[in-house]
Amino acid sequence: IADFLGYPAFFGPPFQRILRSPTVLKDARDAIGHLEVDETDVHSLLIKTFLLVIGLRRTTDEQEPLAAWAAVCKHLRVGGPVAWRMMGRVLEVVGRKEFADLTFQVLCDCAKEVGRSGQLMARKMEQNKKAARTLFEGTCRAIVASLDKGQPEDWPSSLRSLDTVIFTLEYMGKEDFALAQARFKWEVRQATHRRRALWELLAAVCAIYGAPLVGDDATGIHADVNMKDYILRNAKRLNSTVWWKGVGFANDDWELVLEIAGAAAECMRQRFNVVMIPHHTQVMTLLMFAIRACGVGASDLPGALPRTMLARVGTGEGKSLIIGMLAAFVAKKGLRAHVINDQRALTRRDFDTNSPMFQALGLEASCDPRRLRDQGCQVVYCSGDDVEQACLDCLTEGDSAGYEEELRGAILIVDEVDGMIFDKGPASLKDFADREFSDWINTWFDQLETTGSIERDWDDFRAYGQSQGIIQREVAEAYNASFEKKQGVHYAERGNHLYLLDEKTHMIKDGAWSLWLEALKRQKYGHYAEYKYTKAILCRLQCFMSYACIFGLTGSLGQDAEKDYLMRYYDAVTFNAPFFLDTCRADTDGEPLRAGDMVMVVSEEGDAGGSKARGGTKGSLGVLRQQRREEGLCRVDLGDGKDLWYVETAVAKCSSSKKLPKDVGAGDAACNGWEQQQEAVVQLAVSKCAEVPVLVLAKDAGTVHGLAEQLRAQLGPAWGEGTNGVIELLHNPKNPKEFIDLVDLSTEPLPLDETRQAFRVTVTTAEGGRGHDYRVVDPGIDDRGGLLLILTWVPWSEREWIQFLGRTGRQDHAGQYAVLLDAEDEDVQGAMREQRLDETLPLTILRKGDESTAEMLKGVGVDIMKARLMHRLSSHYWTMHMQENTDKNQNWEWKRLCAGYSGMSLDDIAQAFADTFPDVELDVADIQEPVSEGPLASGRYMPSKAQPLKSMAELTCSSCGHVTFANWSPGEDLPKVDCEQCSAKTIVSSFVPVFASSL
């Protein structure tokens with residue numbers, strides 16, 4: 001006590017109130033009672049910290065420290081003794097220097113995060129007693145390092161990353177290099193398009209990445225070591241250039257990868273003071289793209305390289321880091337990297353996360369879309385709309401050709417590529433405001449609101465011709481439509497602003513315009529209505545394919561029809577990156593095997609018929625595909641074309657395996673009507689929120705509000721208005737941070753009283769169903785099944801479905817979901833009629849969605865050709881318009897063509913433009929019909945008049961892997977020719993016929 005008497009604040013009323021509070025003293029005694037003798041120092045540090053804050057803030061409300069003391073003790077009691085010891089490291093930082101902006105609220109928020117992470121840490125230490133000390137000390141170093149570099153106001157957000165630190169430290173020693181390569185090979189074997197090219201690319205990756213960056217055991221590296229220097233000093237070098245399809249990846253390129261991986265690891269070390277190396281799967285995925293990037297600008301290649309490469313990277317698997325490292329490699333190769341994500345808040349988050357790495361590498365990087373055309377800016381993070389706007393700016397300046405020339409030295413890297421490529425369609429319509437027309441429509445809206453009709457001014461009509469009559473009809477139709485549109489279905493109101501909704505995905509279309517929405521804005525807010533019309537049409541394909549190549553990483557790639565579309569129109573190859581946990585060694589022996597586990601063959605015993613085939617397979621890695629438990633047999637895919645049956649004791653699990661969310665719903669039973677559906681959702685959420693956080697995905701904002709009201713009524717005051725017990729999670733484009741803050745809050749426990757807590761229920765739309773991390777830290781939640789996701793509808797795409805399920809069961813946490821459908825919903829009724837015996841209703845809806853997508857994509861070729869033509873015509877129009885070589889009638893006719901082109905043939909579009917602008921000569925190639933309507937059948941080629949068979953073979957040298965071409969006809973033996981690269985006398989291995997489509 002003598003130590004405390006030196007603090008003047010000790011005798012002040014605020015601290016004396018603490019000493020006289022029975023509740024606070026009880027909390028303090030309880031806390032001290034949980035501590036070992038040497039850990040009471042933590043409580044001493046806490047007292048000193050409170051005295052320090054009171055001394056700094058002499059005008060503090062006397063009740064504030066009292067409440068804060070109780071809150072800190074309460075939060076830390078959740079995590080037990082481990083949390084108290086972790087909080088001690090926070091208080092040590094406070095004691096080292098004076099922080100003028102340190103507040104009681106900061107201390108409370110820090111205690112809350114430490115208490116939650118302490119629960120997780122205690123469980124991990126109990127499960128792995130051998131590594132408990134290393135895990136705890138590493139996490140404590142991370143606490144001190146992250147707080148030392150930040151201000152108190154940033155401390156809680158830094159501590160929010162502790163669960164990721166704990167996860168990384170736990171599995172760093174379990175990650176297995178051989179498993180990572182074996183699992184990657186297995187994933188590539190599942191590819192449905194260009195499998196051979198991917199297999200050869202992966203072989204090149206394995207030749208480059210032949211050993212871990214820091215040796216076999218990263219856990220022995222001291223936290224004070226500069227990781228960039230360590231990796232550059234210790235990593236294995238390339239002895240010779242590795243080739244893929246004529247593209248060479250030299251040791252200089254490998255040095256760049258090592259420098260980038262080292263910079264990423266060093267940034268993590270400086271932030272957390274722990275050794276955190278990029279995972280093997282992250283490095284291998286980076287190399288898959290990096291080899292292709294080395295082919296940009298190369299000449300004399302023996303065959304065409306894919307223009308687009310897309311990888312599925314699972315949710316929570318470090319996709320943002322892969323993208324950051326890839327952007328850095330592109331920049332280091334002398335190219336520019338444009339990284340796009342259509343959710344601006346996530347774009348900013350990822351840029352801020354990777355900025356220290358870019359700075360360490362000496363790269364000029366920005367999150368300002370205005371720098372897209374800046375040749376000196378090597379990396380730009382932005383949105384797809386920003387890229388389109390840059391293309392539009394060049395087009396309207398008459399410099400479309402110059403813009404496309406600039407992009408030959410740039411690579412587009414797309415985060416969540418699926419939504420951008422599929423969901424928006426091939427054309428982007430760019431609307432421009434017209435002040436004169438806007439004045440007209442406001443006058444006419446006034447007349448409709450007062451008299452119910454538009455008064456026609458015949459003098460104006462004669463002066464302006466048909467244009468005024470057409471716009472009057474548009475205004476009348478829009479005014480009537482505004483009374484029919486439904487909030488939550490056609491539009492959304494967020495923060496006193498109205499936004500259009502995508503009627504397919506129910507997502508906000510920020511910046512989209514509609515005349516009926518302008519009418520609604522007038523009626524609700526008295527806004528001046530703005531009239532816009534389309535004056536430029538961009539072809540998204542042409543806009544994006546102007547880049548040297550496109551790299552995309554996404555949580556889901558879609559079904560075969562969508563992959564066919566990508567291959568045909570984006571010249572894409574797709575592959576799956578393995579889940580990180582599938583590359584980590586299993587914790588315990590004797591754990592039950594399940595389908596999908598990575599296993600090692602420990603003996604060659606199996607069924608009687610396959611003994612010869614099993615010879616020599618001992619020690620091989622494979623994936624367990626099927627089990628016949630009654631016979632004690634399991635079928636293993638060995639990754640080399642062999643599927644063999646073994647006795648269960650002949651194989652051993654060798655990877656931790658990614659946990660998949662568990663379906664806890666009531667099977668296929670659909671509710672009779674939306675009222676029964678909502679009642680079932682509410683009942684399930686109410687029963688489960690006592691145990692775990694609950695996330696409900698509703699179809700639209702109206703349903704979100706309705707469910708939230710019912711939940712509050714059922715759950716009672718603790719979940720009432722203002723408590724955030726029931727969260728309505730809806731995106732407000734004017735305040736994106738609010739959305740992210742609510743996502744963070746959604747999984748925090750909800751206090752009921754001094755001794756009890758429950759969990760929050762969050763209701764959202766598709767906006768909250770993808771891209772956001774719902775953090776689960778409490779191991780007790782895992783014990784009870786994990787965060788519960790309740791789906792009230794099944795999306796039209798399996799890509800969306802996978803994204804939705806990815807909100808639960810992240811990293812190594814458990815996850816659960818339930819699907820509660822409305823039997824009166826049109827999609828559900830259609831699925832019930834067509835449901836197969838082996839399908840659940842959700843799977844039927846997904847299959848029908850895939851079939852619908854395949855049908856829609858059959859005719860997309862014509863739409864793309866029309867979009868390409870209108871893109872070129874837009875360039876012609878704006879070149880003339882900016883030179884003031886168009887008159888009012890031509891501008892009006894151009895407006896009409898932009899509005900109606902989709903219903904016209906290519907010839908009619910070209911003729912309409914020629915009639916309006918007779919001085920422009922069109923390129924004949926722009927108006928040719930596409931050669932084929934349908935997408936390619938997966939894995940097959942059928943010769944046709946449009947795609948005749950070419951007598952060529954693509955051959956791979958068995959010595960060096962070099963690819964060459966030779967004359968060949970079906971039915972003949974494969975030709976044997978000398979290799980151009982190494983002069984080997986024969987070129988062998990399988991062949992790929994080269995058709996018109998790939999040429």
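# Reading cavities, salt bridges and sheets

Me: How much space lies in the largest cavity?
Reply: About 60 Å³ lies in the largest cavity. A cavity, on a 1 Å grid over the protein atoms alone, is a set of points where a 1.4 Å probe fits but cannot get out. Grid points are joined across faces, edges and corners, and the volume is the space filled by probe spheres set on the points. Before we go on: this is a predicted model, so local features need pLDDT of at least 70 and side-chain atom pairs count only at pLDDT 80 or more, while totals for chains, interfaces and linings use all residues. Residues are numbered from 1 along each chain as its sequence is written, and side-chain values use heavy atoms, with hydrogens and water left out.

Me: How many cavities of 30 Å³ or more does the structure hold, and which residues line the largest cavity?
Reply: There are six of 30 Å³ or more. A lining residue has an atom within 4 Å of a point. For the largest cavity, the lining is S320, I323, V339, N341, T347, D350, N354, Y381 and D415. By type, that lining splits into three nonpolar, four polar and two charged residues. The classes go like this: Ala, Val, Leu, Ile, Met, Phe, Trp, Tyr, Cys and Pro are nonpolar, Asp, Glu, Lys and Arg are charged, and the others, Gly among them, are polar.

Me: Which helices each supply at least two residues of that lining?
Reply: Helices here are DSSP runs of H or I with at least four residues, strands are E runs of at least two, and both are numbered from the N terminus. The helices you want are α15 (319-332) and α16 (344-360). The largest share, three residues, comes from α16.

Me: On to charges. How many salt bridges does the structure hold?
Reply: The general idea first: side chains of opposite charge can pair when their charged atoms come close. The cut-off is a side-chain nitrogen of Lys or Arg within 4 Å of a carboxyl oxygen of Asp or Glu. With that rule, the structure holds 57 salt bridges. Take D163 and R775, whose closest N and O atoms are 3.5 Å apart. D163 sits in helix α9 (residues 162-172) and R775 in the loop between β24 (761-764) and α30 (779-783), so this pair ties together parts that are 612 residues apart in sequence.

Me: Are D163 and R775 buried or exposed?
Reply: Both are buried. Buried means under 20% relative accessible area, exposed means over 50%, and partly exposed is in between (1.4 Å probe, protein chains only). D163 and R775 also belong to a network of salt bridges that links E113, R160, D163, D744 and R775.

Me: What other salt bridges could I look at?
Reply: Then look at E631 with R628, at 3.0 Å from N to O. E631 is at 47% relative accessibility, so it counts as partly exposed. R628 counts as partly exposed too, because its value is 26%.

Me: How many disulfides does a search of the whole structure find?
Reply: In general, a disulfide is a covalent bond between the sulfur atoms of two cysteines. The test is a pair of cysteine sulfur atoms within 2.5 Å. The search finds zero.

Me: Now sheets. What is the order of the seven strands in the open sheet?
Reply: Two strands pair if DSSP finds at least two bridges between them. The order is β5-β6-β4-β7-β12-β3-β13, with parallel pairing. β5 (365-366) and β13 (572-576) stand at the edges with a single partner strand each, so one side of each has no neighbour in the sheet. Inside the sheet, β7 (residues 410-415) and β12 (residues 549-554) pair over five bridges, and I411 stands opposite C549 in β12.

Me: Which strands are at the edges of the open sheet of six strands?
Reply: That sheet runs β19-β26-β25-β20-β24-β21, again with parallel pairing. Its edge strands are β19 and β21 (726-729), each pairing on one side only. β20 (residues 694-697) and β25 (residues 787-791) pair over four bridges, with L695 opposite L789.

Conventions
1 Å grid on protein atoms, 1.4 Å probe; cavity = no way out; pocket = protein on both sides within 12 Å on 5 of 7 lines; lining within 4 Å.
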